[in-house]
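Thanks for coming. I will go through one structure, from the whole chain down to single residues. Please look at it while I talk.

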Amino acid sequence: MYRPAGYDDSDEDDFDEFGYFCSSYRNEKQNNGFMQTNLTPVEDHDTQLYNAILDGDLEQTKRVLKQSEYLRTGGELHHGWPALFYACYEAKPAIARYLLQEEQIDVNREYGLQTALMIACSSSRPSECVYQVVRLLIDYGAIINRLDQYGCSPLMFACREGHLEVVKEIVAESSLLSADNEGNTALFYAVNNNRLEVVKVLLRAGAQTHAVNKQGYTPRQCATNSNYLDIAELFPPEEKPFEIPPKYLCYSDYRNFIHGQQDDDPPGYYPDLGVMLFGMNSEAKLRAFVEPGLNLFEFLTLTDERLRQLGLKFPIERKRILLGLYDFHLQKWSKNSLWTMEKQRVLDCYDVLEVLENMLKHLTVMHASLLYTKHLTESHDPTAFFNAKQCTKLNQQLLYFRASIDGFRSHIEAIHKLSTPKPVLHIMPPDRGGRIYEKMAKISVCLIAGGLVIYWKLVR
């Protein structure tokens with residue numbers, strides 16, 4: 001019969017009761033310098049430490065850590081966390097104290113942008129045990145107001161799990177305005193998980209009740225949608241829901257590209273505000289610009305003082321928008337971005353309107369960029385920032401810009417030459433229009449004459 005690799009006929013082989021080949025060599029495992037001759041698996045240090053923490057066995061934890069230098073210095077277990085994280089998640093204060101005090105594990109050391117305090121607050125163990133661990137971590141210098149990769153703070157985790165005493169302990173040193181990547185604050189976490197008493201604590205601490213997450217809901221609306229009516233009653237009555245005017249949502253008429261509110265007013269390009277704010281990660285602040293009726297030109301020339309007047313209180317909100325405007329105005333204008341028409345193309349009135357509105361929008365943006373640059377540089381001495389060579393280069397760029405403006409003006413004049421005082425359906429190219437109109441006139445005369453002859457024969 002065939003033997004497995006490494007065996008010959010002299011080896012003594014056995015077969016089990018099911019007929020499978022087994023050798024005494026395969027039943028032996030080496031462990032700590034001796035051979036184990038049974039099939040019982042040997043637990044490594046990781047598994048022993050993990051089980052000891054789960055059981056709350058402090059003596060076994062000490063014994064295993066003494067045997068492994070890697071685990072004793074805060075190394076990760078096979079399960080993914082270090083020993084301190086498991087002790088915090090399982091709410092084992094005695095083991096956590098030993099790791100912090102005797103092994104001197106750094107309480108603020110991060111694993112995957114998470115800290116031991118975050119893990120403790122996210123524990124599903126009884127709140128009494130979790131509070132002891134949290135209090136221990138804080139005593140050893142744990143930083144409370146830290147965020148993980150999803151923007152979540154320890155307070156958010158504690159609110160989600162309903163650890164009331166933990167929330168009372170850390171709410172004073174936590175940011176109630178901090179929101180995760182979905183725009184949810186700690187108050188949203190408490191509301192969405194039906195934590196009535198936690199919501200009361202947050203409201204007494206000054207949590208914002210009219211905050212809106214990225215789904216467009218307030219905490220009160222979240223409570224109502226989930227049928228948590230006892231929580232919804234804690235919030236003050238909301239004002240009439242804000243509705244974005246249609247002109248800020250889309251272009252509904254071609255007049256939006258040609259005229260403003262009045263025929264003599266320039267277009268406002270209102271829908272572009274939402275797009276620009278989205279690119280600045282500030283789409284939630286659209287209401288601040290919609291209520292006073294700002295148009296695109298006014299938005300592109302905003303200043304820090306004007307943003308403060310519009311209700312953006314926090315500097316980080318204003319800086320985000322101002323940085324976005326600065327990056328926008330840094331972009332070089334190119335004539336290639338204009339709508340171009342083929343020389344031999346037959347144009348109708350809508351093509352002409354499209355060309356004109358495209359140029360008008362470019363003029364609006366260029367005008368805003370010039371005013372923005374003027375406001376940005378009028379308080380600075382140019383000689384303090386530019387040398388003679390740089391000034392010469394800047395003057396050359398200004399000359400190029402003026403030449404571009406002149407070419408732009410010539411382009412508009414060429415478009416105007418194609419138009420007529422009276423509306424027409426088609427505008428023919430100059431080299432073909434005359435002959436086509438002449439043929440159309442001859443055909444029209446023939447048709448009219450033929451119609452008169454037929455009509456005269458019928459009458460007679």
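**The chain as a whole**

Of the chain's 460 residues, 33% count as buried. Buried means under 20% relative accessible area, exposed means over 50%, and partly exposed is in between, with a 1.4 Å probe and protein chains only. This is a predicted model, in which local features need pLDDT of at least 70, side-chain atom pairs count only at pLDDT 80 or more, and totals for chains, interfaces and linings use all residues. Residues are numbered from 1 along each chain as its sequence is written, and side-chain values use heavy atoms, with hydrogens and water left out.

The chain has 23 helices and six strands. Both are DSSP runs numbered from the N terminus: helices are H or I with at least four residues, strands are E with at least two. Contact means heavy atoms within 4.5 Å. If we take contacts between residues at least 6 apart in sequence, 60% join residues at least 24 apart.

**Cores**

Next, the nonpolar cores. A nonpolar core is a set of buried Ala, Val, Leu, Ile, Met, Phe, Trp, Tyr and Cys residues joined through side-chain atoms within 4.5 Å. The largest has 63 residues, and those with the most contacts inside it are L99, V134, L137, L155, C159, V167 and L202. Apart from it lies another core, of 23 residues, with A288, V290, L300 and L322 among them.

Helix 7 covers residues 127-139, which makes 13 residues. From first C-alpha to last, helix 7 reaches 18 Å, close to the 18 Å expected at 1.5 Å a residue; the expected span is 1.5 Å times one less than the number of residues. Which residues of helix 7 are buried? They are V130, V133, V134, L136, L137 and I138. Their cover includes helix 4 (83-89), helix 5 (93-101), helix 6 (116-121) and helix 9 (164-170). Just after helix 7, G141 has a positive phi of about 95°.

Helix 15 (residues 271-279) has P271, D272, L273, M276 and L277 as its buried residues. These pack against helix 16 (286-290), helix 17 (296-300), helix 19 (315-330) and helix 20 (349-377). N281 follows helix 15, and its phi is positive, near 60°.

**Loops**

T115 is found in the loop between helix 5 and helix 6. Is T115 buried or exposed? It is buried, with a relative accessible area of 2%. Leaving aside neighbours within four places in sequence, T115 is in contact with F85, N108, R109, E110 and R146.

L113 lies in the loop between helix 5 and helix 6. Its phi is near 60°, a positive value in a residue other than glycine, and L113 is partly exposed, at 44% relative accessible area. N227, in the loop between helix 12 (219-225) and helix 13 (229-232), has a positive phi near 65°. At 56% relative accessibility, N227 counts as exposed.
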